[in-house]
Amino acid sequence: MSKTDYEHSMLRVQEIIEQLESSELPLEKAMKLFEEGTKLTAECYKTLDKAEQKIRDISELENSEEESND
Amino acid sequence: MSDILTVSGLNLYVKTLLESDRNLRSITLRGEISNLRADRRSGHIYLVLKDERSSISAVMFSSSAERLKFIPDDGMKVIVKGRISLYEAAGKYQIYVSEMLPEGEGELSLAFERLKNKLAAEGIFDERHKKALPLYPKRIGVVTSPQGKAIEDITQTLKRRYPVGEIILCPAAVQGEGAGRQLAEGIRRFDRLKCVDVIIIGRGGGSAEELWAFNDEELARAVYDCEIPVVSAVGHETDFTICDLAADVRASTPTAGAELVAGEMSSMLSTLAYSHRRICELMRSRLRHERQRLDIIKNARVLRSPLELVSLRKNELDVLNSRLLSVYSARLSKGRHDIALISAKLDALSPLKVLGRGYSIAKKQNNVLRSVKSVKAEDNIELILQDGELKCSVLEIKEKKHEQD
């Protein structure tokens, strides 16, 4: 399985932090990154807040797999 | 008669003979306990092991007896491990027992050892095959009984610790006939679908027999072959299964297994909180820096009151302007004056004007006459009047005497 959306978001956030840490960034660029970063962290918070434990049976996935194979 | 031996000598010889036999150094023996006697003072246990036809004396020294997990008693069928030697004082050969298990359990334990050694030799348990657990599993596969305590524990734990993960249950019998195969098939189903990031396989606590399905060879191989990381969570802390050894991670209980899988949720939250804080912090300090730069520039007088500069400039301009105006107008009026003066002069000097007042101009051969001395009597001269000329002849010349004379 590939990386989850959450993992992708967090990797991007990490990148943004690194870029913000370098002071050579023009202010406008920094503000754009800041905006993107806070948007991503807000989304991640939302993911964590919204999460509720779900249980599914493997046969559900197997059925949908068969359908998608058709 | 040849050499005569002493009893001690003989017993020592036989003892040496027995102990030199490789097969007798470590044997596993099945039998029924009789004549059990525990020496309270030393802690050693003495007993006789028998079957339908034969018996053998056995001794279990206190160091081994202390580790017994059950209380042996006469009539109990057991399996023991030990070595054969001779008790010289009595000339009696016997088994020195190091381990003893009730028969059923003992058989399982032997089977366990055999399978463990076989799979270990194949490298099924090697550390280098162990896969790391994912940090943020999106889906968690669970292979266990849908009715068991394990799924309940796992669900509760994940609900508390890691609600973002979706649980995918693959139901399987966890004990009884065919349970091992069902468990193995559960692992293979997940591996085929690749629909989860990590798998927990396990069950709640039970007797050795009840946990036996997790010592299945097919299951061990399925776990080993599985490309998805597998957490084995069987029974209690003290229970070790082949499945535990083959899995990427062994958890002591299903709850512990769920915690291992969920282990990163707290770090997930703290990483997120840290990242958010760091971004804000960096932006704030950047803005602070920019503001300082602005302050420095702003404090320049020009920028503090920009209008002042304008009015200053305006004043200068006004002054210049009015100077320019006054110079200009002065120049202008002087010009006018000059013109008036000149024109007045011109006017005054105009000969026509003079003629108008009754004067006339005398000329002789086109030369204006200014003195009587320029003329002789009877010369012809011309007189120019306002409205014409007169041709005249000079009759007489009277020279004016100087007034001062």
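Here are some questions and answers about this predicted two-chain model.

Q: What is the mean pLDDT of chain B?
A: The model as a whole scores ipTM 0.72 and pTM 0.55. In chain B, 97% of the residues reach a pLDDT of 70 or more. The mean pLDDT of chain B is 88.

Q: How many helices and strands are there in chain B?
A: Chain B has 405 residues, of which 26% count as buried. Take its contacts between residues at least 6 apart in sequence: 61% of them join residues at least 24 apart. The elements of chain B are 13 helices and 14 strands.

Q: Which element gives the largest share of the side of chain A that touches chain B?
A: The two chains meet through 32 residues of chain A and 28 residues of chain B. On the chain A side, the elements giving two or more residues are α1 (5-21), α2 (27-50), β1 (54-57) and α3 (58-69). The largest share, 10 residues, comes from α2(A).

Q: Which residue of β7(B) stands opposite Asp57(A)?
A: Here a strand of chain A pairs with a strand of chain B. β1(A) and β7(B), residues 166-171, run parallel and are joined by four bridges. Opposite Asp57(A) stands Leu169(B).

Q: Why is one side of β1 of chain A and of β10 of chain B left without a neighbour in the sheet?
A: The open sheet has six strands with parallel pairing, in the order β1(A)-β7(B)-β6(B)-β8(B)-β9(B)-β10(B). β1 of chain A and β10 (249-251) of chain B each have a single partner strand, so the reason is that they stand at the edges.

Q: What is the bridge partner of Gly202(B) in β9(B)?
A: Within chain B, β8 (residues 198-203) and β9 (residues 230-234) pair in the parallel sense. Five bridges link β8(B) and β9(B). The partner of Gly202(B) is Ala233(B).

Q: At what angle to β6(B) does helix α5 of chain B run?
A: Helix α5(B) covers residues 149-161. This helix lies across β1 of chain A together with β6 (139-144), β7 and β8 of chain B. Its angle to β6(B) is about 160 degrees.

Q: Which residue of β5(B) stands opposite Val80(B)?
A: β5 (residues 92-102) of chain B is joined by three bridges to β3 (residues 55-60), and the two run parallel. β4 (residues 77-87) of chain B runs antiparallel to β5(B), with 10 bridges. Opposite Val80(B) stands Met100(B).

Q: How many residues does the largest nonpolar core have?
A: Among the residues with the most contacts inside this core are Ile187(B) and Val223(B). Ile187(B) touches residues including Val143(B), Ile199(B) and Val223(B). A second, separate core of 13 residues includes Leu49(B) and Val80(B). The largest core has 51 residues.

Q: How many of the nine residues of helix α9 of chain B are buried?
A: Helix α9(B) spans residues 254-262 and is mostly covered. Its buried residues include Pro254(B), Glu259(B) and Ala262(B). The number buried is seven.

Conventions:
Residues numbered from 1 in each chain as written. Chains lettered and ligands numbered in written order. Predicted model: local features only at pLDDT ≥ 70, side-chain atom pairs only at ≥ 80, totals over all residues. Core = buried A, V, L, I, M, F, W, Y, C linked by C-beta atoms within 7 Å. Buried ≥ 20, exposed ≤ 12 C-beta atoms within 10 Å, placed from the backbone. Contact = placed C-beta atoms within 7 Å. Pairing = 2+ DSSP bridges. pLDDT = per-residue confidence, 0-100. Axes fitted to C-alpha atoms, helices over the stretch in contact; angles between N-to-C directions. Lists of a residue's contacts leave out its neighbours within four places in sequence.
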